[in-house]
Structure formats: C-alpha cells, structure tokens
Amino acid sequence: MQNIFHDLHDSVCFDYRSSDGMKPEHFHFHSHYEISFVFGGNLTIINTGDTIKTDKPCIILHSPNTFHAVIAEKGARYKRYNMYFDDEFASKFPAEYLNVRQIFSTNFSVTELGSTDVEELMIYIDLIFGAGDNKNRQCLLFASLINKLGDFVGTARTLEGNENVSYIENVIQYIAENYGEPLTAGVLADKFYVSSAKLNADFKGMTSVTLHKYIVTVRLINAKRMLISGKSVLETSVECGFFNESHFIRTFKEKTGMTPSKYAKMFSKV
C-alpha cells in the first residue's frame with residue numbers, strides 16, 4: 001500500500017465509522033495525534049511496519065508523522081470513533097492536566113478494554129459528538145477525555161509498538177518542527193547524513209509526494225492557521241519560511257485559488 005499525507009485542516013477533528021470490516025487502500029500520516037476508540041471488529045493495526053492484532057474493544061494511539069493503517073476483517077461489525085488533535089490544541093491546557101507526552105510515549109499503542117471500560121468511555125464520546133455545535137464545549141470535553149486516557153493507557157492491558165522508525169519519519173518530524181527555517185534537499189540530506197539524491201528518492205518512495213511539494217504543503221497548512229489567527233501576510237510569509245512576501249502570495253494563490261488576504265477575510269475567527 002502507498003503512504004498518503006492527510007491534511008487535517010483543523011487543530012481538532014472528529015469522525016465516526018461503522019462498516020462490515022475495513023481494508024484501506026493506503027497507509028496515511030499526518031501531523032496530528034490520533035486517538036481511535038474501536039468497539040467492534042477483528043483488527044490488524046499497523047504502524048511503521050510494526051503490527052498488533054486484537055479482537056477486543058480497544059483504544060489505539062498513533063503519534064504524529066507515523067505511517068499507519070487499521071485493517072478489520074469482514075464478518076464482524078467494525079465501529080470506531082476517531083479523534084485528532086495537534087500541539088496547538090494541547091498547548092491551551094496546563095501540562096499537569098494534559099500530559100500528552102506521557103500518554104503518547106511510543107509510536108503507537110493498543111489498550112484492550114472490558115465492557116465496563118467501554119460504557120465509561122462512551123459517556124465521554126457521546127458528549128463530545130453531541131456538542132458539535134458548541135466548539136468550546138466540545139474541546140473542553142475532549143481535553144477531559146484525553147486526561148482520562150491516563151487511567152487506561154500504560155496499564156498491563158496496553159500493547160506497545162516498538163520505537164523503530166525510518167529516517168524518513170524523522171525527516172517528516174524535523175520539517176514539522178522547523179518549517180520556518182531554510183529547508184532544501186541539501187540541508188536535510190546533510191542533517192540526516194545521506195545524499196540529496198537518496199533523500200529525494202526515499203522520500204518520494206515512502207510518501208508518494210516529492211520532498212519539495214511536502215515542504216510547501218506543510219508551510220501552507222501553517223500559513224492558513226496563522227492567517228486565521230490574525231497574523232499579517234508579511235508576518236506569515238516570514239514565519240513559514242517563504243523567500244519573501246511576493247513568493248508567499250504567488251504560491252498561496254496557486255495552491256488555494258485565492259490570495260492570503262482574501263483567505264484571511266473569509267476564514268478568520270469572529
């Protein structure tokens with residue numbers, strides 16, 4: 001299967017799925033933390049070549065920028081609630097309340113659940129999905145649920161994936177943390193002790209996109225967030241690592257069909 005980058009536009013996202021099994025056409029990766037509550041299905045969970053199997057209800061955690069997929073066998077109803085959040089969301093809460101690093105301590109983990117656990121977690125999940133028209137309430141409830149995960153994750157019922165990652169995943173993480181800096185194949189190749197040719201080939205082979213296109217995509221994702229938050233076009237262009245304001249405007253319009261200033265007016269928070 002190919003690896004596909006999922007551009008999750010919001011700091012926090014939720015979705016639900018119910019089906020007779022599931023076989024994705026590709027692995028995916030994104031810059032968000034992913035929490036899956038799976039309450040039905042015979043599962044094979046894959047993350048960066050590591051595999052965990054379970055036929056029990058479970059909590060699945062995937063750390064950002066890891067390649068993953070879940071396969072559910074047909075013949076058993078697959079039912080899951082997915083929740084995603086990024087570091088910006090986590091930063092809004094005190095670390096002693098929302099200790100994300102402690103919960104997401106490995107690439108991924110699977111915590112098997114009993115029937116009482118499912119009932120308890122469904123109270124939170126129903127409240128979160130039921131508060132969709134009130135984003136502030138939804139986010140507060142979600143933070144409470146993440147905090148609650150500490151009662152489950154890391155116990156004897158938690159199956160942890162290994163810590164082995166490909167160097168490409170480390171490149172992806174580095175880009176996520178340094179997108180405002182000068183980033184070229186040469187710079188990154190030196191950082192990770194490979195040739196530019198090897199880096200470009202390995203990156204395209206693993207992610208299905210070129211390194212340059214991926215860097216631009218990450219910069220634009222963060223540029224949209226900054227524009228919505230009220231930063232000027234000039235500030236955004238500088239902080240996102242574009243050559244200059246003109247280059248940023250040209251690239252933004254080419255990829256989105258509108259100028260950064262128009263985008264800010266359309267989507268800025270009231």
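A salt bridge is taken here as a side-chain nitrogen of Lys or Arg within 4 Å of a carboxyl oxygen of Asp or Glu. The structure is a predicted model, in which local features need pLDDT of at least 70 and side-chain atom pairs count only at pLDDT 80 or more, while totals for chains, interfaces and linings use all residues. Residues are numbered from 1 along each chain as its sequence is written, and side-chain values use heavy atoms, with hydrogens and water left out.

Both Asp202 and Lys198 belong to helix H7 (residues 196-207), where they stand four residues apart, about one turn of the helix. Helices (H or I, at least four residues) and strands (E, at least two) are DSSP runs, numbered from the N terminus. Asp202 is partly exposed, at a relative accessible area of 24%, and Lys198 is likewise partly exposed, at 42%. In these terms, buried means under 20% relative accessible area, exposed means over 50%, and partly exposed lies in between (1.4 Å probe, protein chains only).

By the same rule, the model holds ten salt bridges. One of them joins Asp15 to Arg80, with 2.4 Å between the closest N and O atoms. Asp15 is in strand E2 (residues 12-22) and Arg80 in strand E8 (residues 68-85), so this pair ties together parts that are 65 residues apart in sequence. Asp15 is partly exposed, with a relative accessible area of 25%, whereas Arg80 counts as buried at 11%.

A further salt bridge brings together the side chains of Glu88 and Arg225, at 3.7 Å from N to O. Because Glu88 lies in helix H1 (residues 87-90) and Arg225 in helix H8, the pair connects parts that are 137 residues apart in sequence. Glu88 counts as partly exposed at 30% relative accessibility, and Arg225 counts as partly exposed at 30% as well. Elsewhere, Glu120, Lys148 and Asp151 are linked in a network of salt bridges.

Helix H8 also takes part in helix packing. Two packed helices are described by the angle between their axes and the distance between the axes. H8 (residues 211-229) packs against H11 (residues 260-267) at an angle of about 60 degrees, and their axes are 8 Å apart. The axes are lines fitted to C-alpha atoms, for helices over the stretch in contact, and angles run from 0 to 180 degrees between N-to-C directions. H8 and H11 are therefore oblique to each other; angles under 35 degrees count as roughly parallel, over 145 as roughly antiparallel, 65 to 115 as roughly perpendicular and the rest as oblique.

The contact (heavy atoms within 4.5 Å) is made by Lys224, Leu227 and Ile228 of H8 together with Pro260, Tyr263, Ala264 and Phe267 of H11. Its residues divide into six nonpolar, no polar and one charged, where Ala, Val, Leu, Ile, Met, Phe, Trp, Tyr, Cys and Pro count as nonpolar, Asp, Glu, Lys and Arg as charged, and the others, Gly among them, as polar.

Tyr193, in the loop between helix H6 (185-191) and H7, has phi near 60 degrees, a positive value in a residue other than glycine. Tyr193 is exposed, with a relative accessible area of 76%. Ser208 lies in the loop between H7 and H8, and its phi is near 70 degrees, again positive in a residue other than glycine. Ser208 is partly exposed, at 25% relative accessible area.
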